[in-house]
Amino acid sequence: GDEPPPELAALVKARRITVELRARSRRLGAMTLAVGQTTRRRFTRGDHEFLHVLGGRVALALDNAGLSREVESLEARMTAALGSLAEAVTIQGTDGRLIYANDAAARALGFDTPEALLATPPQEIVDAFIATLEDGSPLRLESLPGRRVLAGEDAEPVLVRAIHRQTGEERWRVTKATAVHDRDGRPVMAVNVIEDVTEVKRAELTQRFLAAAGEVLASSLDYEETLARITRLVVPQLADWCAVSLPDGHGFLRSVAVAHVDPAKTELAREYNERFAPRVTDETGSAQVLRTGESQVINEIPDELLRQAVTEPDQLAFLRGIGMRAAMVV
C-alpha cells in the first residue's frame, strides 16, 4: 500500500512527480516535486495524493488572484466610464447610503467632489433642497426610486423640482433607478441616473404660462381686474411678489394690482405701494423704467443696497418686511 501506482512508476523512478493545476475547467499550469541524487527519499501513493490536494489549492489561489485583478480592472473601467457621463449617476446600498457617485452627481447635488457627497448622510443631502414633486407635494426620501427598488418594488421615474436653500437655484431633475440583485434575487444595490431637464421644463412652463396669461388678458375688459389676475398668475410661478403700477395723472405711479406668495404680506405690499408711490420723475426704479423703456434686473439685494437707495426709515422698514433678494422691473 505504500508503493506508488503503476502509472507513476516512471516518475517515481526519476524521483519526480508533476500534477496539473486546474480551476474552473481551465488549465493554469503544472506543479512538480522532485528529490535530488543525494537523498534516499522515495515518493509514495500518499505523496501523490497530497500533491493533488496541494495543487488544487494552489490552482484556486491563482484563479482567485486572477479574478481579483479582473475585478479591479473592471471596476477601474466602470469608474472611468461612469465618471465621463454628463448624467449624474449614484449607487446606493441597502441602508440607503451612497457608495458611488460620479462628478456630475456631485455637482448636481451641490458638492465639490464625489468624496464629499459620499461622506454626507442621505437625509442631510435631501434637507439641503426644497424638493417637491411635479404636483407641488413635498418629496419624501422613501418615495425616491432608489429606495423603492431596494425595497423590492417597481419604481417609475420621478420628476423633482429642487431649490437649493442656500443659493436659491431652481433645477428640475428626472431620477430613475435600477436594482442590482444577488444570486437569490434580493436587491443589494440601486443604480440611480439623474437627468437634468431644467431647460426643457422651463420652456414647457413658459409656454403654459403665456397661454394662461393670454386667456386672462382676453377674458375681461376691466383692466384692473385683468391686471390683478395677471399678478396672481405670476405669483408664485415667476416671483414671490408682483405689482403693477400706472401713472395716475397727478405725477405719481400708483399700484393697481399686487400679489404676494405669503397672503399675510399682500396687504403689507399694497400699503407700501400706497404710502411710498414713486413719482414719474424719479431717477431710479419703476419711474426710470417707464421713462426709458429699459428693463432692470437686480439679482442681489443686500441690506446695504437698500439703505443706500432708501433714506426714509419707515420706507426702509417696509421693504425689509416685504423681503426681497432679487428684483426685476419691466
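Leaving aside neighbours within four places in sequence, Thr 231 is in contact with Cys 242, Val 244, Ala 257, Val 258 and Ala 259, where contact means heavy atoms within 4.5 Å. Thr 231 sits in helix 8, residues 223–237; helices (H or I, at least four residues) and strands (E, at least two) are DSSP runs numbered from the N terminus. With a relative accessible area of 0%, Thr 231 is buried. Buried here stands for under 20% relative accessible area, exposed for over 50%, and partly exposed for what lies in between (1.4 Å probe, protein chains only).

A word on the model itself. It is predicted, so local features need pLDDT of at least 70 and side-chain atom pairs count only at pLDDT 80 or more, while totals for chains, interfaces and linings use all residues. Residues are numbered from 1 along each chain as its sequence is written, and side-chain values use heavy atoms, with hydrogens and water left out.

Zooming out, the chain has 12 helices and 12 strands, and 33% of its 330 residues count as buried. Among contacts with a separation of 6 or more, 46% come from residues 24 or more positions apart.

Next, the inside. The largest nonpolar core has 14 residues, and those with the most contacts inside it include Ala 88, Leu 109 and Phe 111. Such a core is a set of buried Ala, Val, Leu, Ile, Met, Phe, Trp, Tyr and Cys residues joined through side-chain atoms within 4.5 Å. Strand 4 (98–101) and helix 3 (103–108) each supply at least two residues of this core, and helix 3 gives the largest share, four residues. Apart from this core lies another, of 11 residues, with Val 258, Leu 316, Phe 318 and Ile 322 among them. As for Ala 88, its contacts beyond four places in sequence include Ala 105, Ala 108, Val 193 and Ile 194.

On to the charged pairs. Side chains of opposite charge can pair when their charged atoms come close. The structure holds 20 salt bridges, each being a side-chain nitrogen of Lys or Arg within 4 Å of a carboxyl oxygen of Asp or Glu. In one of them, Glu 170 pairs with Arg 161, with the closest N and O atoms 2.5 Å apart; Arg 161 is partly exposed, at 27% relative accessible area. Glu 199 and Arg 202 form another, with 4.0 Å between the closest N and O atoms. Because these two are three residues apart in helix 7 (residues 198–217), about one helical turn separates Glu 199 from Arg 202. Glu 199 counts as exposed at 54% relative accessibility, whereas Arg 202 counts as partly exposed at 32%.

Asp 303 and Arg 320 also form a salt bridge, their closest N and O atoms being 2.8 Å apart. Asp 303 lies in helix 11 (residues 303–309) and Arg 320 in helix 12 (residues 313–322), so the pair ties together parts that are 17 residues apart in sequence. Elsewhere, salt bridges with shared partners join Glu 134, Lys 201, Glu 204 and Arg 208 into one network.

Arg 171, in strand 7 (residues 170–181), touches Val 160, Arg 161, Ala 162, Asp 196, Thr 198 and Arg 202, not counting residues up to four places away in sequence.
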